[in-house]
Amino acid sequence: MTFSIPFDNSYATLPDRFYTRTAPTPVANPGLITVNEALARDLDIDPQALASPEGLQVLAGNAVPQGADPLAQVYAGQQFGNWVPQLGDGRAILLGEVLDNKGKRRDLQLKGAGLTPYSRGGDGRAWLGPVLREYIVSEAMHALGIPTTRALAAVTTGETVVRETLHPGAILTRVASSHIRVGTFQYFAARADTEALQALTGQVIARHYPEAEHALDMLDSVIAAQARLVAQWMGVGFIHGVMNTDNTHIAGETIDYGPCAFMDGYHPDTVFSSIDRNGRYAYGRQPQIAVWNLAQLATALLPLIDDDQDRAVQKATMSVHRFPDLYRAAWQDVFRAKLGLQSAVPGDADLIEAMLAWMAAEKADFTNTFRDLCADREPRVATCHEDWQDLWQRRRARDFAAPDRQQALMRLSNPAVIPRNHRVEKVIHAALSDDCAPFFRLISVLRNPFDLASADADFALPPRPQEVVHQTFCGT
Ligand code: AMP
Ligand code: MG
């Protein structure tokens, strides 16, 4: 079996100032952790070839396959609200693009592949913990039906990475519909490079929004995609943790699994990231932050929206102001389904808010409280508030869906299992002692989050007090 990837690169056709051609830096002694077979097949890549010694050399950055055109993308962004005029792929290298078996264009990127011109003070590397974390959580998001970058493979490098202490190095192969961010637009806008903004808009429309006719249409589509995405995060208790504009994906995929986490006990002020000291990116603030990020995109696009600056501002403002309604509608859709409701009735938002209010007061487990709503055949692990139960039962009786349809909808909308922090930490801990079995078990359970086998029931349990994870780290 010879190893080949049918590359079809488009980002590399953009002008030079969009990137720097950079090859991955070879590593000492590559070792395969895993190849995502189902995803490889979706990409028309032979999973066996990818896992072969030849494939491993490519996944580790020791060999550049034919047709690849490795490059590091440049971008800018606001990090925690502070403008950084130049960021970029500091440790990620885009190998190239492939068309998947549905004809969709996908980027293949090696994360942790060595220094690039954008590495700033960093070493261009990643270590095993964050690589496994991203693999687990991004694949779990996909199984939950939430748009996300994916993980095609994880390998070890045989080298040591220095952080607070020494760690084994690793590389993740990330797959995404593109790696274009709000910050990519900001980079060129800050340089008043309208030509580049136009070229980038052309590429984004071609790749993500073919129905869009101009920059304003594209902006509207990005706003709609982000509204849906954040509503979906809220529906599973997901906290992104670093919603900077350089981590805001132009097609509305979840990207950058640094300090992200799923909540156990519900409270809207929940924050995990060790660097988010003011709670800027707390669970309940995510919709506000999304609209702030989208306003930055709108600002960057002004020169393309109208030659008259006032008119451009007016149009862009109108678009951004649509976000709250779009988000609210998407959020209600997500939570109505979680309550088994198929029709929309005035007062639904109050019913949902009332539930979240008592959950917050009781710090009820987010995942299990919702899952228990459909627990006619499963043992209940959380308790439900009685007055609220009453309201909900009355509302259900008014829904046009019959009770069995409501049950079915709830089963598909309330996962039984999510990648709980304490589980992820245990998996990483074991892998650091060369035991990858817990990692494989966890990714296998998370592949079917709505359908937990009884043998795997302990994966639905919240952490015991001594297991609770209070903080997550960027892990760079
Ligand atoms: P992040 O917080 O992961 O979004 O990263 C912010 C910026 O820092 C991005 O431009 C990254 O590419 C860069 N970066 C993060 N970690 C490293 C590293 N170990 N070496 C070089 N650049 C890095
Ligand atoms: Mg990032």
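Guide: The conversation below takes up the ligand sites, then selected residues and a helix. Please note that this is a predicted model.

Visitor: How many residues surround ligand 1, and which are the closest?

Guide: Ligand 1 is surrounded by 18 residues, and the closest are Gly 88, Gly 90, Asp 123, Gly 124 and Asp 256. Sorted by class, this shell contains two nonpolar, eight polar and eight charged residues.

Visitor: Which residue has a polar backbone atom 2.9 Å from a nitrogen atom of ligand 1?

Guide: That residue is Gly 124. A nitrogen atom of ligand 1 also lies 3.2 Å from an N or O atom in the side chain of Arg 91. For an oxygen atom of ligand 1, there is an N or O atom of the Asn 247 side chain at 3.3 Å. On its own, ligand 1 has 480 Å² of accessible area, and the protein covers 86% of that area.

Visitor: And the magnesium ion, what are its protein donors?

Guide: The magnesium ion, ligand 2, has Asn 247 (OD1) and Asp 256 (OD) as its protein donors, at 2.1 to 2.2 Å.

Visitor: Is Asn 247 buried or exposed?

Guide: Asn 247 counts as buried, because its relative accessibility is 8% and the limit for that class is under 20%. Asp 256, at 22% relative accessibility, counts as partly exposed.

Visitor: Where does Asp 256 lie, and what is its phi?

Guide: Asp 256 is in the loop between strand 11 and strand 12 (261-262). Its phi is near 75 degrees, a positive value in a residue other than glycine. Most residues other than glycine have a negative phi. Lys 363 likewise has a positive phi, near 50 degrees. The loop that holds Lys 363 runs between helix 11 (348-362) and helix 12, and Lys 363 is exposed, with a relative accessible area of 53%.

Visitor: Changing topic: what is Ile 239 in contact with, beyond its sequence neighbours within four places?

Guide: Ile 239 belongs to strand 11 (residues 238-239) and is buried at 2% relative accessibility. Leaving aside neighbours within four places in sequence, its contacts are Cys 260, Ala 261, Met 263, Thr 270, Phe 272, Tyr 281, Tyr 283 and Gln 286. His 249 is ten residues from Ile 239 along the chain, with 16 Å between their C-alpha atoms.

Visitor: Where is Gln 286 placed?

Guide: Gln 286 is in helix 8 (residues 286-305). Gln 286 is buried, with a relative accessible area of 0%.

Visitor: What about Thr 22, which loop is it in?

Guide: Thr 22 is in the loop between strand 1 (19-21) and strand 2 (31-35), and counts as buried at 13% relative accessibility. A polar atom of the Thr 22 side chain lies 2.9 Å from the backbone oxygen of Thr 20. Contacts of Thr 22 beyond four places in sequence include Pro 70, Leu 71, Ile 93 and Leu 115.

Visitor: Finally, which residues of helix 14 are buried, and what covers them?

Guide: In helix 14 (residues 403-413), the buried residues are Gln 406, Gln 407, Leu 409, Met 410, Arg 411 and Ser 413. Their cover includes helix 10 (323-338), helix 12 (366-373) and helix 13 (386-398).

Notes
Residues are numbered from 1 along each chain as its sequence is written. Chains are lettered from A and ligands numbered from 1 in the order in which they are written. This is a predicted model: local features need pLDDT of at least 70, side-chain atom pairs count only at pLDDT 80 or more; totals for chains, interfaces and linings use all residues. Side-chain values use heavy atoms; hydrogens and water are left out. A residue is near a molecule or strand if one of its heavy atoms lies within 4 Å of it. A polar contact is a pair of N or O atoms within 3.5 Å; within protein, one must be able to donate a hydrogen and the other to accept it, and residues adjacent in sequence count only if both atoms are side-chain atoms. Accessible areas come from the Shrake-Rupley method with a 1.4 Å probe; for residues, only the protein chains shown count as cover. Ala, Val, Leu, Ile, Met, Phe, Trp, Tyr, Cys and Pro count as nonpolar, Asp, Glu, Lys and Arg as charged, and the others, Gly among them, as polar. Donors are N, O and S atoms within 2.8 Å of the metal (3.2 Å for Na, K and Ca); water is not among the atoms, so sites may look incomplete. Buried means under 20% relative accessible area, exposed over 50%, partly exposed in between (1.4 Å probe, protein chains only). Helices (H or I, at least four residues) and strands (E, at least two) are DSSP runs, numbered from the N terminus. Contact means heavy atoms within 4.5 Å.
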